[in-house]
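Hi,

Here is the structure I said I would pass on. Please have it open while you read the notes below.

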Amino acid sequence: MICLTLSGSTLSECLDEIRENREYIDSAELRLDLLSPEEQRKASSFPSMVDIPVILTLRRKEDGGRCTLPERERRALLLSALDGSFAYVDIEEDVKRNDVEDKAREKGVRIIRSFHDFSGIPDDIYSRIYRLAERGDVAKAAVTPHTIQDLLRLFRIAEELRDVPKIIIGMGDWGIPLRILYRRAGSLLTFACSGEAVAPGQISARDLRLMYHADKVTDRTAIYGIIGNPVLHTSSPLIHNPGFHAINYDAIYLPFMVDNVRVFFALAEYLKMRGFSVTVPFKDAVLMYLGNITREVKQIGACNTVVRMPGMWKGMNTDYYGFLAPISKDIESGRIRNSLVIGAGGAAQAIVWALRNRGVRVTVLNRTVTRAEKLAKINLCEYDTLSNASLYEGKVDLIVQTTSVGLYPDFDANPIEGFRFSGREIAYDIIYKPKMTKFLREAEAAGCTLHFGEEMLLEQGKLQFELFTGYHYPRSLHPSL
Ligand code: NAP
């Protein structure tokens, strides 16, 4: 079940939230602690107003909620709300047997026995979940992973407790895969939000259902993903998930925050992942775990696509082709002969090599000139420091902006501020958020032809899709990134 955590302060706001999200959810959690005191007293009427099962929760402050009532008053409030036809009631692990529990059992309301840990994962998590579910209740553990190792541990615990009725939640960024793959982890449900997350790391119900199809994941679903740090801003799930869906391929693609590539490979084995994309800062760190790499990966020294092969992982680089796709014709026609590449980071490695390989002359400009020099030497091209950019005014056909300057939310930054475009240049910024960077705005004002980072992102993603699935990316799909 995808369960919407209601965040309204009145019952009518909660009803609106359900109405807005109805097509994406199977159940809802009424958080009494978020309701105003007058509304709390009317809560028993709520379940009969909706057509989905509702969980009754009155979360204490120490467990991440807002309830500061003395325990006796909290119990009284829960007891009166239980006059309504709730499907579940959440009772915390440390609450001794009382009249709330008795009334719930009498009425056939299922009990969710929960504990929360906002600082980490308790050592005894396994036995606590096991114990909480002993009386046929649903055990709920909301804990906080801080590393990819923690996430792997949670998946393993979930697997070992496969037959225990439970909900295991990994709060925060590190736990997101567990929220999306809740069915793979054997959790009864995953909590979702409608707008702002009510708990750390919550995903919108719309994304869980429409983008990830999280409620359709089974043991047979092929798992793909993207690793990076940070990674949650990535648009790649918007390319791959709709593609899988359009070709009826039972697969899911999700982001993984990673701090240790070796442990991620262990998780990838554990989840039997079929492949994954790689973004900053792991494009070279993955190399040592690959049994096979393509010529591009070898020459560029960076890999952005990893695919499972029998007995090994194979690494490829689709950034190379993705970058070239929008400008290939201009290179072939001779319109592009001379280029300026701004930046000498990971992305520039693939770009400089791609241009050189197609016979285009390149000058690399970078803030740290030693990095530009290193890249230029490998690729037999020129280099200079960024502050000398004006020396190249009017002398190149293509200017590629590959630095992170101008990236969201830094809308007003341009690494070659004041550069005078002649208007004849093709200006290509590989940043895709925002689409129109300051660099491109200035180039456009001078009359240059523009190319956008999202063109590269989409092209490299489509190639990745082919490597992942063996099928062309559906022509009818035009993801908005
Ligand atoms: P990276 O390896 O960290 O390199 C960052 C580059 O930006 C370096 O050249 C760095 O110069 C330069 N830089 C950073 N801050 C600067 C500043 N304040 N002034 C001048 N230069 C600065 O990152 P990357 O992997 O190459 O990625 C760079 C950008 O490309 C990111 O925005 C990423 O989103 C985008 N990208 C897009 C696609 C796509 O498909 N469209 C694919 C890959 C990457 P120093 O060497 O002096 O530090």
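The notes below go from domains to one helix and then to one residue.

First, a caution: this is a predicted model.

Domains. The protein chain is split into three pieces: domain 1 (1–114), domain 2 (225–320 + 461–469) and domain 3 (327–458). Taken over C-alpha atoms, the centres of domain 1 and domain 3 lie 55 Å apart.

Helix α9. This helix covers residues 236–246. Its buried residues are S236, P237, I239, H240, N241, G243 and F244. What covers them? The cover includes two helices, α8 (205–211) and α17 (453–469). It also includes the strands β10 (222–228), β11 (251–257) and β12 (275–278). Just after α9 comes N248, with a positive phi of about 60 degrees.

Residue Q202. Look in the loop between β8 (190–193) and β9 (203–204). Is Q202 buried or exposed? Its relative accessibility is 10%, so Q202 counts as buried; the cut-off for buried is under 20%.

Leaving aside residues up to four places away in sequence, Q202 touches T5, R179, F191, A192, C193 and A197. T5 deserves a separate look. The side chains of Q202 and T5 are joined by a polar contact of 3.1 Å.

One distance for your checks: Q202 and G225 are 18 Å apart, C-alpha to C-alpha. In sequence, 23 residues separate Q202 and G225.

Best wishes

How values were computed
Residues are numbered from 1 along each chain as its sequence is written. This is a predicted model: local features need pLDDT of at least 70, side-chain atom pairs count only at pLDDT 80 or more; totals for chains, interfaces and linings use all residues. Side-chain values use heavy atoms; hydrogens and water are left out. Buried means under 20% relative accessible area, exposed over 50%, partly exposed in between (1.4 Å probe, protein chains only). Helices (H or I, at least four residues) and strands (E, at least two) are DSSP runs, numbered from the N terminus. Contact means heavy atoms within 4.5 Å. A polar contact is a pair of N or O atoms within 3.5 Å; within protein, one must be able to donate a hydrogen and the other to accept it, and residues adjacent in sequence count only if both atoms are side-chain atoms. Domain bounds come from an automatic or database domain assignment.
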